[in-house]
Amino acid sequence: MNAPAFAVGQRVRIADRAPPVHHRVPSYAKGKVGLIERVCGLHGEPEKFIRGDGMPARRIYRVRIPQSDLWQNYEGTDRDKLEIEIFEHWLELAE
Amino acid sequence: MTDNDHDHSRTFQPDHAEPTSEGARVGLALRELLIGAGHYTPEEEQEVIAAMQGASPADGGRIVARAWTDPAYKDRLLENGATAIRELGYELEPYEFTVMENDANTHNVIVCTLCSCYPRSLLGMSPAWYKSASYRSRVVREPRIVLAEFGVELTDEVDVRVHDSTAELRYMVLPQRPDGTDEWSEEKLAALITRDSLIGTQRVLRTD
């Protein structure tokens, strides 16, 4: 039960959607592709938690995204990275 | 805590004014309603505030000093921060705690773009600039420029890793041990560590 859907190193895309409720995905990361850096624990789903019920809990992953994929004209190297926590229901496997 | 707060003009921010925004007023009204309805008491609120104020970057300093002097502890700290930190007797909120290690080719810096998540239960209250819209919006987009403003000069040989604390994890940076401190005691090492070095807005620790 609740086995992780993704493994470290897999390429994932963060969903590009905007539910009209509290959610924990900043707009700059929506639609972006990164690698699973770490599989984390199960936590209450923010979209439901804000209404008093976060269950069933959802898996969190840390996703590593190249900075140059996030920002136009990024001032830095192509090895600079951003790492962000994303709930499983916001992720899908990417090519 | 060292006298670090006093000698860096970059950490200066004016005091926050009394709440005047609509959001702040709503927050105060909500507090009155929650207390009035018996969800918690003002005494309980004071206890939580006191616990947060009791935590300080000195606690983070002791954890870093242990990691510098005990390689097995460092491995445990990087593997599972919360477990390793509790091992030293610190009470943490039930967050996952992730420790990110700086080295010669890596610099880590922490932000919460969505609000201002901060490891309060370990490091105490966050500095005002950490909560500012400027820091939160800019350090993800132009980290090298923001870090330079904090006095952190990075060559292209150093990779920047920005950690956006968007959900349930909390972070602390494990700064590099300064050269020339091989013979230092754990206690003396702990005193070197500053709040900003644990957030990642300082890279080099001063030993003078």
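## Strand pairing between chains

Two strands pair if DSSP finds at least two bridges between them; helices (H or I, at least four residues) and strands (E, at least two) are DSSP runs, numbered from the N terminus. In this predicted model, local features need pLDDT of at least 70, side-chain atom pairs count only at pLDDT 80 or more, and totals for chains, interfaces and linings use all residues. Residues are numbered from 1 along each chain as its sequence is written, while chains are lettered from A and ligands numbered from 1 in the order in which they are written.

Strand 4 (residues 81-87) of chain A pairs with strand 3 of chain B in the parallel sense, over four bridges. A:Ile84 has B:Asp164 as its bridge partner in strand 3 of chain B.

## Interface

Contact (C-beta atoms, placed from the backbone, within 7 Å) links 20 residues of chain B with 19 residues of chain A. On the chain B side, two or more residues each come from helix 8 (133-141), helix 9 (143-149) and strand 3 (159-164). Strand 3 of chain B gives the largest share, six residues.

## Nonpolar core

A nonpolar core is a set of buried Ala, Val, Leu, Ile, Met, Phe, Trp, Tyr and Cys residues joined through C-beta atoms within 7 Å; buried means 20 or more other C-beta atoms within 10 Å of the residue's own, exposed 12 or fewer, and partly exposed in between, with C-beta atoms placed from the backbone. The largest such core has 58 residues, and A:Ile86 and B:Val111 have the most contacts inside it. Not counting residues up to four places away in sequence, B:Val111 touches B:Tyr135, B:Arg136, B:Val139, B:Val140, B:Val162, B:Asp164 and B:Ser165.

Terms used: Two residues are in contact if their C-beta atoms, placed from the backbone, lie within 7 Å.
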